[in-house]
Each structure stands twice: as C-alpha cells, then as structure tokens.
Amino acid sequence: MKTIGIRGLSEELYRRVKAVASLRGIRVSDAFQEALTIWLSIRPEVLEKFSEIEAEAELNRKALQEKYDELVKDSKGKYVAVAKGRILGIYETLEEAAQAVEGASAKQGIIEKIEPREKKEVELGWSLVEL
C-alpha cells in the first residue's frame with residue numbers, strides 16, 4: 001500500500017479518530033478506509049457515473065495510443081480530439097478540438113497536441129548487482 005497524506009485535516013478530528021481506532025483495536029488507516037467506504041456507499045449513483053467515465057476514458061486512451069505514431073507522421077503540431085472511444089478528428093487549434101469533444105456529448109474526452117513523445121531511459125540498477 002501507498003502512504004497518502006491528507007491536507008487540511010483537522011488535528012482535533014485526527015486525534016479523535018486515532019483514539020476511537022485505538023479503542024477498537026484497529027489502525028487509523030483502517031478507520032479511514034471504513035469511513036470512506038461508507039461515505040462512497042451513500043451515493044451509489046455517483047460511483048456508477050464515475051465508473052462509466054473511467055471506462056470511456058480507458059477506451060479513449062486506447063484509441064489514441066493505437067494511432068499515435070501514425071498521427072505524429074501525418075499531423076505533427078496539430079490537435080487530436082478523442083471521445084467515445086474513437087478519434088473525432090485532427091484540428092488546427094485547441095478551440096476547434098474542444099468544440100469537437102463538446103459536440104460529441106461524451107462522458108470524457110481527450111485533446112492532445114500531436115508531438116513526438118520523448119522516450120525515457122530508465123536505469124534498472126544492474127550495476128549494483130554483483131554476479
């Protein structure tokens with residue numbers, strides 16, 4: 001699991017949660033997980049809508065990724081608009097691309113300037129391994 005900091009949390013509230021968690025014999029993180037799970041369950045329609053948006057976002061990312069190299073060759077410097085899991089078009093300006101996404105009535109859209117993506121080198125630390 002990851003360590004996550006929460007800004008703006010009242011110290012008094014944190015102390016109270018810590019005390020109650022201690023009395024229950026659980027960690028503060030368990031208490032927060034429980035509280036957030038309950039909080040999310042109160043509005044299941046919001047979670048459902050979020051799931052739909054995430055699903056469409058994944059389709060959009062996939063559609064863009066599949067065609068990106070081709071787009072860089074043919075339309076470098078222009079803007080691509082993606083929505084509903086497909087590329088809507090290539091546009092000269094950001095505003096035109098935004099209008100296309102808005103006109104698609106999509107739950108989620110991507111607008112990206114088409115430019116070669118930098119390849120990053122990652123050192124895996126093999127020099128630290130002794131064979």
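**Exercise 1. Find the residue with which Glu-58 meets in a salt bridge, and describe where the two residues lie.**

The side chains of Glu-58 and Arg-61 meet in a salt bridge with an N to O distance of 3.0 Å, a salt bridge being a side-chain nitrogen of Lys or Arg within 4 Å of a carboxyl oxygen of Asp or Glu. This is a predicted model, in which local features need pLDDT of at least 70 and side-chain atom pairs count only at pLDDT 80 or more, while totals for chains, interfaces and linings use all residues. Residues are numbered from 1 along each chain as its sequence is written, and side-chain values use heavy atoms, with hydrogens and water left out.

**Exercise 2. Determine whether Glu-56 is buried or exposed, and which side chain of opposite charge is nearest.**

Begin with the position of Glu-56, which is found in helix 3. Glu-56 is buried yet has no salt bridge, and the nearest side chain of opposite charge, Lys-107, is 4.7 Å away; here Lys and Arg count as positive and Asp and Glu as negative, with His and the chain ends not counted.

Then list the neighbours: leaving out residues up to four places away in sequence, Glu-56 touches Lys-84, Ala-106, Lys-107 and Gln-108, contact meaning heavy atoms within 4.5 Å.

**Exercise 3. Identify the residues of the largest nonpolar core and the elements that give two or more residues to it.**

The largest nonpolar core has nine residues, namely Ala-63, Leu-64, Tyr-68, Leu-71, Val-72, Val-80, Val-82, Ile-110 and Ile-114; such a core is a set of buried Ala, Val, Leu, Ile, Met, Phe, Trp, Tyr and Cys residues joined through side-chain atoms within 4.5 Å. Two or more residues are given to this core by helix 3 (44–75) and by strand 1 (79–83), and helix 3 gives the most, with five residues. A second, separate core of six residues includes Ala-81, Tyr-91, Ala-97 and Val-101.

How values were computed:
Buried < 20%, exposed > 50% of the residue type's maximum accessible area, 1.4 Å probe, protein only. Helix = DSSP H or I, 4+ residues; strand = E, 2+ residues; numbered from the N terminus.
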